[in-house]
Amino acid sequence: MASLSKLVDFCNGRVSSYKIKDFPGSMNGLQVENDGEVKKVGAAVDAGLVPFRIASGRNIDFLIVHHGLYWTPPAPLTRTNYQKIKLCLDHNLAIYSSHLPLDCHPEIGNNAIIASKLELSPISTFLDYEGTDIGLITSYANSRKDLRASLDHLFSWGITSMEFGPSRPAKVAILSGSGQSAFDQLRNHEADTFITGELKQSHFNLAQEMKINVYTCGHYATETFGVKALGQEVAENFCIPFEFIDTQCPL
């Protein structure tokens, strides 16, 4: 058993929660508290009713999520919003959210872990948001075929490949989640390949015109890594069990 306040302090410090500005309304940090004690930590990508039900059924009382409960504009506590909060209170389930801080963290961030698993070497960051770069620029020494095989292995649900760039990529940009805002900056960093979660149909034309390789691997799938890593660190530091809740979202 561990103190909720100590777990929250650990998470805030680990992801620099109060130093990194996020999208309006994201409200990173503790979003729902419990009675003050934690016996088991869990992690999920989304603060959804189904993940909450699974967590409570598995005796998790501290759940770390990437996409939290609160965004702009605030939603009334009715229907599923009410059900989610009621479930948390009825089952003593605390909810902790970390959005952009868990995308850009240099060690346990989604982008950093993806780069490590694909054996890409970080060079720099890109895509500034309110003073923090949330994307990662990396170098790669092998062929495009090798990179695609590694992506297929890492993202077993499947990826979408748009290969209009060099057969031997040199600079690979990584941005977990939505990559729609990154295209304008890829040229500035001479990136010839882009790995992200999801895009719009129009980006197919941009990939052709810019002559770059683009791989979309799923918004959900690219954002499973950070919450897992933070949850595992919490479990190890406070000697409590950990479990990741995989909702197998295909998007």
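A: Helices are DSSP runs (H or I, at least four residues), strands are DSSP runs too (E, at least two), and they are numbered from the N terminus. This is a predicted model, in which local features need pLDDT of at least 70, side-chain atom pairs count only at pLDDT 80 or more, and totals for chains, interfaces and linings use all residues. Residues are numbered from 1 along each chain as its sequence is written, and side-chain values use heavy atoms, leaving out hydrogens and water.

Q: Where does Ser17 lie?

A: Ser17 is in the loop between H1 and S2.

Q: Is Ser17 buried or exposed?

A: Buried means under 20% relative accessible area, exposed means over 50%, and partly exposed is in between (1.4 Å probe, protein chains only). Ser17 has 6% relative accessibility, so it counts as buried.

Q: Which residues does Ser17 touch?

A: Contact means heavy atoms within 4.5 Å. Leaving out residues up to four places away in sequence, Ser17 touches Asn12, Asn28, Gly29 and Tyr96.

Q: Which residues of H2 are buried?

A: Leu49, Pro51, Phe52, Ala55 and Ser56 are the buried residues of H2. They span an arc of only 160° around the axis (taken from the directions from the axis to the C-beta atoms), so they sit on the same side of H2.

Q: What covers the buried residues of H2?

A: The cover includes strand S4 (41–46), strand S5 (62–67), H3 and strand S6 (94–97).

Q: How are two packed helices described?

A: By the angle between their axes and the distance between the axes. Axes are lines fitted to C-alpha atoms, for helices over the stretch in contact, and angles run from 0 to 180 degrees between N-to-C directions. Here, the axes of H2 (residues 49–57) and H3 (residues 79–90) come within 10 Å and cross at roughly 15°. H2 and H3 are therefore roughly parallel to each other; that label needs an angle under 35 degrees.

Q: Which residues make the contact?

A: H2 supplies Leu49, Phe52, Arg53 and Ser56, and H3 supplies Gln83, Lys84, Leu87 and Cys88.

Q: Which residues have a positive phi without being glycine?

A: Met27 is one of them, with phi near 50°. Met27 is in the loop between helix H1 (4–14) and strand S2 (29–32). Its relative accessible area is 51%, so Met27 is exposed. Cys239 is another, with a phi of about 55°. Cys239 is in the loop between helix H10 (225–238) and strand S13 (242–244). With 70% relative accessibility, Cys239 counts as exposed.

Key. Angles under 35 degrees count as roughly parallel, over 145 as roughly antiparallel, 65 to 115 as roughly perpendicular and the rest as oblique.
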